[in-house]
Amino acid sequence: MADEGQRLVLAFDYGTRRIGVAVGNELLRSARELTPLTARAGIPDWDIVARLLNEWQPDLLVVGLPLNMDGTESEMSIRARKFGNRLHGRFGKPCAMVDERGTTREAKTIAREAGHKGNYRQDSVDGIAAILILEGWFAHQEGLPGGRLSL
């Protein structure tokens, strides 16, 4: 495992049909989108997840936690937390949960500004949301606003 500050991190934007994925380097504070995972009722193909982790060899996993705007748990945050627990249990990698309130809305805004036509089911913004989750986690590590860590 790399030293803190130099870790490779995979971030996930949990969803019931699709799970956005981004990879980033803690030292460079940079993130990029990877191909989203398809899911059935929120469950990904774990063999594909295993290949993803084997390919990237991340030191840490970060999962977005979709809390209600008042900070309370939602049905989706409970499911996202369960997904994070399963990632940790299956692969033994540390997994941090990050408050992701507003990331999907922000991802859609970014996509529209880049010319997205608005069909999010066909052309998802899950990867952009995963980047925002990871950038929020990086910000939290630096003590900057926008990085709300939840455990």
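**Figure 1. Surroundings of phenylalanine 83 in the predicted model.** When neighbours within four places in sequence are left aside, phenylalanine 83 is in contact with Phe12, Tyr14, Ile19, Pro44, Trp46 and Val63. The structure shown here and in the views that follow is a predicted model. With a relative accessibility of 3%, phenylalanine 83 counts as buried.

**Figure 2. The largest nonpolar core.** This core holds 21 residues, of which Leu10, Phe12, Ile19, Val21, Val63, Phe83 and Leu87 touch the most other members. Two or more residues are given to this core by each of S1, S2, S3, H1, S5 and H2, and the largest share, four residues, comes from H1. Another core, of ten residues, lies apart from it and includes Leu60, Val98, Ile133 and Leu134.

Figure 3. Helix H1 spans residues 46-56, and within it Trp46, Val49, Leu52 and Leu53 are buried. These four residues lie on the same side of H1 because they cover an arc of only 115° around the axis. In general, an α-helix has 3.6 residues a turn, so residues three or four places apart point the same way. Asp47, Arg51, Asn54 and Glu55, on the other side of H1, are exposed. The packing partners of the buried residues of H1 are strand S1 (8-13), strand S2 (18-25), strand S3 (30-40), strand S4 (43-44), strand S5 (60-65) and helix H2 (75-91).

**Figure 4. The two ends of helix H1.** At the start of H1, the backbone nitrogen of aspartate 47 has a side-chain oxygen of aspartate 45 within 2.9 Å. Just after H1, glutamine 57 takes a positive phi of about 50°.

**Figure 5. The aromatic pair of tyrosine 14 and phenylalanine 83.** The model has five aromatic pairs. In the pair formed by tyrosine 14 and phenylalanine 83, the ring centres are 5.4 Å apart and the planes stand at 35°, so the pair is tilted. Because tyrosine 14 lies in the loop between S1 and S2 and phenylalanine 83 in helix H2, this pair ties together parts that are 69 residues apart in sequence. Tyrosine 14, at 8% relative accessibility, counts as buried.

**Figure 6. The aromatic pair of tryptophan 46 and phenylalanine 91.** Tryptophan 46 and phenylalanine 91 form a tilted aromatic pair, with 6.3 Å from centre to centre and 40° between the planes. Since tryptophan 46 lies in helix H1 and phenylalanine 91 in helix H2, the pair ties together parts that are 45 residues apart in sequence. Tryptophan 46 is buried, with a relative accessible area of 12%, whereas phenylalanine 91 is partly exposed, with a relative accessible area of 24%. Ring pairs link Phe12, Tyr14, Trp46, Phe83 and Phe91 into a cluster.

Figure 7. Most residues other than glycine have a negative phi. At 30% relative accessibility, arginine 29 counts as partly exposed. Alanine 41, also a residue that is not a glycine, has a positive phi of about 55° and is found in the loop between S3 and S4. At 57% relative accessibility, alanine 41 counts as exposed.

Note on methods
Residues numbered from 1 in each chain as written. Predicted model: local features only at pLDDT ≥ 70, side-chain atom pairs only at ≥ 80, totals over all residues. Heavy atoms only, no water. Buried < 20%, exposed > 50% of the residue type's maximum accessible area, 1.4 Å probe, protein only. Arc of directions from axis to C-beta. Contact = heavy atoms within 4.5 Å. Polar contact = N/O pair within 3.5 Å; in protein donor to acceptor, adjacent residues only side chain to side chain. Core = buried A, V, L, I, M, F, W, Y, C linked by side-chain atoms within 4.5 Å. Phe/Tyr/Trp six-rings, centres within 6.5 Å; stacked < 30°, edge-to-face > 60°.
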